[in-house]
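I opened this notebook to record what I looked up in one structure.

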Amino acid sequence: MLLERERERYSRQILLFGEEGQERLKKAKVFIAGAGGLGCPIALYLAVAGIGEIRLVDRDTVDRTNLNRQVLHRESDLGELKARSAEAKLREANPDIRVEALAATIDETNVRDLVAGADLIVDAMDNFPTRYLLNREALRSGVPLIHGAIRGFDGQATTIIPGRTACLECIFPEAPPGEVFPVVGTTPGVIGLIQANEAIKYITGTGDLLLNRLLLWDGLSTTLETFAVERRPGCPACGGEVRP
Amino acid sequence: MKVRVKAFARFREILGSDLSIEVPDGATMAAVLAALRDRAGGEGDAIFDETGALRAHVILMRNGRRVNRNNLDTLAEGDEVAIFPPVAGG
């Protein structure tokens, strides 16, 4: 049940998906991997949308070079754990939700525990090895994964439902080389909010998701395209077979 | 025949955003890649390796669907090929 102040807080979006949709958001538990350029807008918008429980994981501390894009962190947070800095801003933004922020490196030994109990995994990482790990855990646990990644003015996103859609390794069998990537804050802003929008739609059962579609954002020419992607036969992560 | 090629992200800066490439009738993806290799010239390192093969992480699409770089299907007049590198940052 929604509290009276929740009905008021969410009144404009209850117009869209009803109190039932809002209650679904309240019951939802979302795991956000990363509190950086993507993770900050994702977490903020999911918090104010009323996602009942957000688990946010990031191993880093706030550095001045982060501040052009990681919009939950401030000059006064320099040196603070990103998990703690983000947690404080999210609590302030919406005191009615539960926020669990952990300073940890996501690896093979803890990914299962970190994802446990989540209805949804949101990929806000900055590297493909950890993304592949999240993808494998999504496939193992059956929890959907919302992928996003950025560089410069460019970004990509897709929504993965284990057993139903192409998985991350079907679409990207090979990781691009690692680098210190150039980026302007608006790019993770755009892609992060597309991911948050996918999360809200998935939870409320609204609209059409980015299923078997890879979205490409080109901020320099202001174009957005989606391409069809398919399960890849023999995919080492998901086997490429469609579940009945 | 003409094939349209759209490049995204860094590849757009190297190849241009929207190209029309002339390939012989009956050509496959290999002919398009050879034309792109010529076009990229010295800047092609981001796209092709030292042997001239497409780098492993590069994504190719034909008419909105992902295809394998070794795909031997014959292209058709007006086909649209998209080429881009996945981005990895967050």
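The entries below follow the order in which I looked things up.

**Entry 1: the model.** I noted before anything else that this is a predicted model.

**Entry 2: the core.** I looked up the largest nonpolar core and found that it has 90 residues. I then asked which of its members touch the most other members. They are Val30(A), Ala43(A), Ile54(A), Ile121(A) and Val122(A). I followed one of them, Ile54(A). Leaving out residues up to four places away in sequence, I found that Ile54(A) touches Val30(A), Ile32(A), Ala43(A), Leu46(A), Ala47(A), Leu90(A), Ile97(A) and Val99(A).

**Entry 3: a valine in a strand.** I turned to Val57(A), which lies in strand S2 of chain A. Is Val57(A) buried or exposed? I recorded Val57(A) as buried because 25 C-beta neighbours lie inside 10 Å, and a residue needs 20 or more to be called buried. Apart from neighbours within four places in sequence, Val57(A) is in contact with Ala33(A), Ala83(A), Leu102(A), Ala104(A), Ile106(A) and Leu114(A). I also looked up the separation of Val57(A) and Gly155(A), which are 98 residues apart along the chain. Their C-alpha atoms are separated by 22 Å.

**Entry 4: helix H4.** I found that helix H4 of chain A covers residues 82-93 and has 12 residues. From its first C-alpha to its last, H4(A) reaches 16 Å, close to the 16 Å expected. I listed the buried residues of H4(A) as Lys82(A), Ala83(A), Ser85(A), Ala86(A), Glu87(A) and Leu90(A). What do these buried residues pack against? They pack against helix H3 (39-49), strand S2 (53-57) and strand S3 (98-102) of chain A.

**Entry 5: two helices crossing.** I next compared the axes of H3(A) and helix H8 (residues 186-204) of chain A, which come within 8 Å and cross at roughly 40°. The crossing of H3(A) past H8(A) is right-handed. On the side of H3(A), the contact is made by Pro41(A), Ile42(A), Tyr45(A), Leu46(A) and Ala49(A). Among the residues that H8(A) supplies are Gly189(A), Gly192(A), Leu193(A) and Ala196(A). I noted that the residues of this contact divide into 10 nonpolar, three polar and no charged.

**Entry 6: where the chains meet.** How many residues does each chain give to the contact between chains A and B? I found 29 residues from chain A and 17 residues from chain B. Strands S5 (145-151), S6 (154-160), S7 (213-218) and S8 (223-228) of chain A each supply at least two residues of the side that touches chain B. That side of chain A divides into 16 nonpolar, seven polar and six charged residues.

Definitions and conventions. Residues numbered from 1 in each chain as written. Chains lettered and ligands numbered in written order. Predicted model: local features only at pLDDT ≥ 70, side-chain atom pairs only at ≥ 80, totals over all residues. Core = buried A, V, L, I, M, F, W, Y, C linked by C-beta atoms within 7 Å. Buried ≥ 20, exposed ≤ 12 C-beta atoms within 10 Å, placed from the backbone. Contact = placed C-beta atoms within 7 Å. Helix = DSSP H or I, 4+ residues; strand = E, 2+ residues; numbered from the N terminus. Expected span 1.5 Å × (residues − 1). Nonpolar A, V, L, I, M, F, W, Y, C, P; charged D, E, K, R; others polar. Axes fitted to C-alpha atoms, helices over the stretch in contact; angles between N-to-C directions. Left-handed = near helix turned anticlockwise from the far one by under 90°.
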